Amino acid sequence: MQIALRPWRPDDAPALAALINDRAVQDNLRDGIPYPYTAADGAAFLAETLAADPDTTFAYAVTADGRLAGSIAAYRQGNIHRRTAELGYYLGRDFWGRGVATAAVRLLCERLFDTTDLVRLFAEPFADNAASRRVLEKAGFTLEGVLRRNAVKNGRLRDMCLYARLRPGI
């Protein structure tokens, strides 16, 4: 399967809505994403993403064999953390367990370390999201700690894990 990252396009809105309009996908994401998720919601997200500062928001569509499979982004932090970015990603359920997320995370890390001054990328998956944790581990991230009772999702207190990957040679 050919995995690639490409810039988002406004015409991705319907396919994006089809991917994320799934409770199983949304259950492992942060709150604030509408459910049901419509093409209009996708268009609003894409307009905001396409207007974002390209030096602070690094957002891409993930494709698998040319089909939209999901989303991946890194967000530069501020102030003393300005050379650090937080990574987030999701895939539509049809693409789970096929190596797509691991490939996408590796591609984004390589791109960011090759083209920006970022020295640290981090992610905070829910501790019970074994699949996402394994993606990060296979993509070269190191578990730095468990953030106990760090989030409330779907009415439950949840632990999160802090993973990071450093620019090679640092």
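This is a predicted model: local features need pLDDT of at least 70, side-chain atom pairs count only at pLDDT 80 or more; totals for chains, interfaces and linings use all residues.
Residues are numbered from 1 along each chain as its sequence is written. Local features need pLDDT of at least 70 and side-chain atom pairs count only at pLDDT 80 or more, while totals for chains, interfaces and linings use all residues, and side-chain values use heavy atoms, with hydrogens and water left out.

**The sheet**

Let's start with the strands. Seven of them form an open sheet with mixed pairing, in the order E1-E2-E3-E4-E5-E7-E6. Helices (H or I, at least four residues) and strands (E, at least two) are DSSP runs, numbered from the N terminus, and two strands pair if DSSP finds at least two bridges between them. At the edges sit E1 (3-6) and E6 (142-153), each pairing on one side only. From one strand to the next, the twist averages 30 degrees. Axes here are lines fitted to C-alpha atoms, for helices over the stretch in contact, and angles run from 0 to 180 degrees between N-to-C directions.

Strand E6 pairs with E7 (residues 156-166) in the antiparallel sense, over eight bridges. Thr 142 has Ala 164 in E7 as its bridge partner. Helix H4 (residues 100-115) packs on the sheet, and the strands it touches include E1, E2 (57-64) and E7; contact means heavy atoms within 4.5 Å. The direction of H4 makes about 50 degrees with that of E1.

**Helix H1**

Which residues of H1 are buried? They are Ala 13, Leu 16, Ala 17, Leu 19 and Ile 20. These residues cover an arc of only 160 degrees around the axis, which puts them on the same side of H1; the arc is that of the directions from the helix axis to the C-beta atoms. Pro 14 and Ala 18, on the other side of H1, are exposed. Buried means under 20% relative accessible area, exposed over 50%, and partly exposed in between (1.4 Å probe, protein chains only). The buried residues of H1 pack against H2 (23-26), H3, E3 and E4.

**Ring contacts**

There is one aromatic pair in the structure. The ring centres of Trp 8 and Phe 45 are 6.0 Å apart and their planes stand at 90 degrees, so the pair is edge-to-face. Rings of Phe, Tyr and Trp (its six-membered ring) pair if their centres lie within 6.5 Å; planes under 30 degrees apart count as stacked, over 60 as edge-to-face and the rest as tilted. Trp 8 counts as buried at 4% relative accessibility, whereas Phe 45, at 26%, counts as partly exposed.

Two arginines lie over ring faces, as tabulated here.

| Arginine | Ring | Distance from ring centre |
|---|---|---|
| Arg 23 | Tyr 35 | 4.0 Å |
| Arg 158 | Phe 126 | 3.7 Å |

A charge sits over a ring if NZ of Lys or CZ of Arg is within 6 Å of the ring centre and within 35 degrees of the ring normal.
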